[in-house]
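Biologist: Please take one part of this model and walk me through it closely, residue by residue. I would like each term to come with its cut-offs.

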Amino acid sequence: MDVKSMKYYVYWLYCQFELITCSYLMEPWEKLLFYTFNITVLVMLLYTAYIFVHVHVSTAFHFFLHLFGNQHENAVSIVK
């Protein structure tokens with residue numbers, strides 16, 4: 001795929017986005033607010049996923065390790 005067709009494809013995707021969101025009907029200042037809000041929400045969502053997905057995956061991993069019998073010994077069983 002060459003650069004020129006890639007450029008047209010990205011432009012086509014942008015036009016599709018404008019058609020789906022009806023943002024082609026907006027004035028420039030409305031588009032700026034609309035895109036700023038959407039990008040802010042997307043960045044906050046990605047940041048939250050980056051921070052909290054690791055915690056949830058780690059918790060699930062420890063749960064399944066415990067569930068399938070790969071349990072750590074506790075202090076009471078070591079003393080006995």
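Modeller: Contact means that heavy atoms lie within 4.5 Å, and, leaving aside neighbours within four places in sequence, Ser-23 is in contact with Glu-18, Lys-31, Phe-34 and Tyr-35. This is a predicted model, in which local features need pLDDT of at least 70 and side-chain atom pairs count only at pLDDT 80 or more, while totals for chains, interfaces and linings use all residues. Residues are numbered from 1 along each chain as its sequence is written, and side-chain values use heavy atoms, with hydrogens and water left out.

Ser-23 sits in the loop between helix 1 and helix 2, where helices are DSSP runs (H or I, at least four residues) numbered from the N terminus.

Glu-18 belongs to helix 1 (residues 3-21) and is buried, at a relative accessible area of 11%. Beyond residues up to four places away in sequence, Glu-18 touches Ser-23, Tyr-24, Lys-31 and Tyr-35.

With Lys-31, the side chain of Glu-18 forms a salt bridge of 2.8 Å, N to O, the rule being a side-chain nitrogen of Lys or Arg within 4 Å of a carboxyl oxygen of Asp or Glu. Because Glu-18 lies in helix 1 and Lys-31 in helix 2, this pair ties together parts that are 13 residues apart in sequence. Both partners, Glu-18 and Lys-31, are buried, and the count of salt bridges by this rule comes to one.

As for confidence, pLDDT is the predictor's confidence in each residue, from 0 to 100; the mean for the protein chain is 86, and 85% of its residues reach 70 or more. Among the elements of the chain, helix 1 has the highest mean pLDDT (92), whereas helix 3 (residues 75-79) has the lowest (53).

Note on methods: Helices (H or I, at least four residues) and strands (E, at least two) are DSSP runs, numbered from the N terminus. Buried means under 20% relative accessible area, exposed over 50%, partly exposed in between (1.4 Å probe, protein chains only).
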